[in-house]
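These notes go through the model point by point, from the whole chain down to single residues. Please keep the structure open while reading.

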Amino acid sequence: DSQNWIQSAQCQVQRMDSLIGRLVELARADETVSDEAASPVDLSGLVSSAVSDFTPLAQASGKALETGIASGIYIWAQAGSVSRLLSILLDNSVKYCCQEGPITVRLCRRGRWAQIQISNPCSGLTKSNLPRLFERFYRVDPSRDRASGGYGIGLSTARAITEQLNGKISVRLEGSIVTFTVLLPLSRKKSATQPDVLS
């Protein structure tokens, strides 16, 4: 009836608005940011904050968040870009983590890099899919992505942001566990020789 048609139309408009917003964000992530716009960023604090923000959403989905976050890790970056990167990766994990979970978030130093790893069990993913996960608009299971609100843009945006931050992003699959790894250069303005302390 007309009421159902109106609701459907409103839903499609909302999805289109969301898609446009994500495309604008992707375009911004592709832009080069001058080094002068960056500053020392407390990555340990940002990761902890991001985990706290996503914990209620994960719990509402019946999934646990486990962490191992080293303290005192600083990078040279724009805090807003780093926060958005963490948000994309955590949102992706919460959406596609199998019900048995858990989602594991780790931060540590690896030489001159800060290493972030986010892992979760994920059904329907194969090693043949991995090279395409960062492609724009690529979706492993389009029907599942439509149900979760995915467009195949999030991970390509994550890659663009990581490259903007002079970092590297990769993904691996071991059994049913998918792990996204981000390497970001440690801050030149802050000592990176402090020992790791996991929380």
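1. Contacts across the chain. Contact here means heavy atoms within 4.5 Å. Among contacts in the protein chain between residues at least 6 apart in sequence, 73% join residues at least 24 apart.

2. Where the values come from. The model is predicted, so local features need pLDDT of at least 70 and side-chain atom pairs count only at pLDDT 80 or more, while totals for chains, interfaces and linings use all residues. Residues are numbered from 1 along each chain as its sequence is written, and side-chain values use heavy atoms, with hydrogens and water left out.

3. Overall make-up. The protein chain has 5 helices and 7 strands; helices (H or I, at least four residues) and strands (E, at least two) are DSSP runs, numbered from the N terminus. Read from the N terminus on, the elements follow the order α-β-α-β-β-α-β-β-α-α-β-β. Of the 199 residues in the protein chain, 43% are buried. Buried means under 20% relative accessible area, exposed over 50%, and partly exposed in between (1.4 Å probe, protein chains only).

4. The sheet. In what order do the 5 strands of the open sheet lie? The order is S2-S4-S5-S7-S6, with mixed pairing; two strands pair if DSSP finds at least two bridges between them. At the edges are strand S2 (65-69) and strand S6 (168-174), each pairing on one side only. On average, neighbouring strands of this sheet are turned by 15° against each other, direction ignored. For such angles, axes are lines fitted to C-alpha atoms, for helices over the stretch in contact, and angles run from 0 to 180 degrees between N-to-C directions.

5. Helices on the sheet. H3 packs on the sheet and touches S2, S4, S5, S6 and S7. The direction of H3 makes about 15° with that of S5. H5 also packs on the sheet, where it touches S6 and S7, and the direction of H5 makes about 135° with that of S6.

6. Strand S5. Is strand S5 (residues 113-121) enclosed or open? It is largely enclosed by the rest of the structure, because 9 of its 9 residues are buried. Both faces are covered: Trp-113, Gln-115, Gln-117, Ser-119 and Pro-121 are buried on one side, and Ala-114, Ile-116, Ile-118 and Asn-120 on the other.

7. Partners of S5. Strand S4 (residues 103-110) pairs with S5 in the antiparallel sense over 7 bridges, and Thr-104 stands opposite Ser-119 in S5. The hairpin of S4 and S5 has 2 residues between the strands, and Gly-111 there takes a positive phi near 65°. S5 and strand S7 (residues 177-185) are antiparallel too, joined by 9 bridges. Ile-118 stands opposite Phe-180 in S7, and the bridge partner of Pro-121 in S7 is Ile-177.

8. Helix H5. This helix (residues 154-164) is mostly covered, with 8 of its 11 residues buried. The buried residues are Leu-155, Ser-156, Thr-157, Ala-158, Ala-160, Ile-161, Thr-162 and Gln-164. After H5 comes Asn-166, which has a positive phi near 60°.

9. H3 against H5. The axes of helix H3 (residues 79-96) and H5 come within 9 Å and cross at roughly 150°. H3 and H5 are therefore roughly antiparallel to each other; angles under 35 degrees count as roughly parallel, over 145 as roughly antiparallel, 65 to 115 as roughly perpendicular and the rest as oblique. The residues in contact include Arg-84, Leu-85 and Ile-88 of H3 and Leu-155, Ala-158 and Ile-161 of H5. By class, the contact has 6 nonpolar, 6 polar and 1 charged residues. Ala, Val, Leu, Ile, Met, Phe, Trp, Tyr, Cys and Pro count as nonpolar, Asp, Glu, Lys and Arg as charged, and the others, Gly among them, as polar.

10. Two residues of H3. Ser-81 lies in helix H3 and counts as buried at 14% relative accessibility. Leaving aside neighbours within four places in sequence, Ser-81 is in contact with Ile-161, Gln-164 and Leu-165. Leu-90 is also in helix H3 and is buried, with a relative accessible area of 2%. With neighbours within four places in sequence again left aside, Leu-90 is in contact with Ala-50, Val-51, Phe-54, Leu-65, Val-105 and Ile-118.
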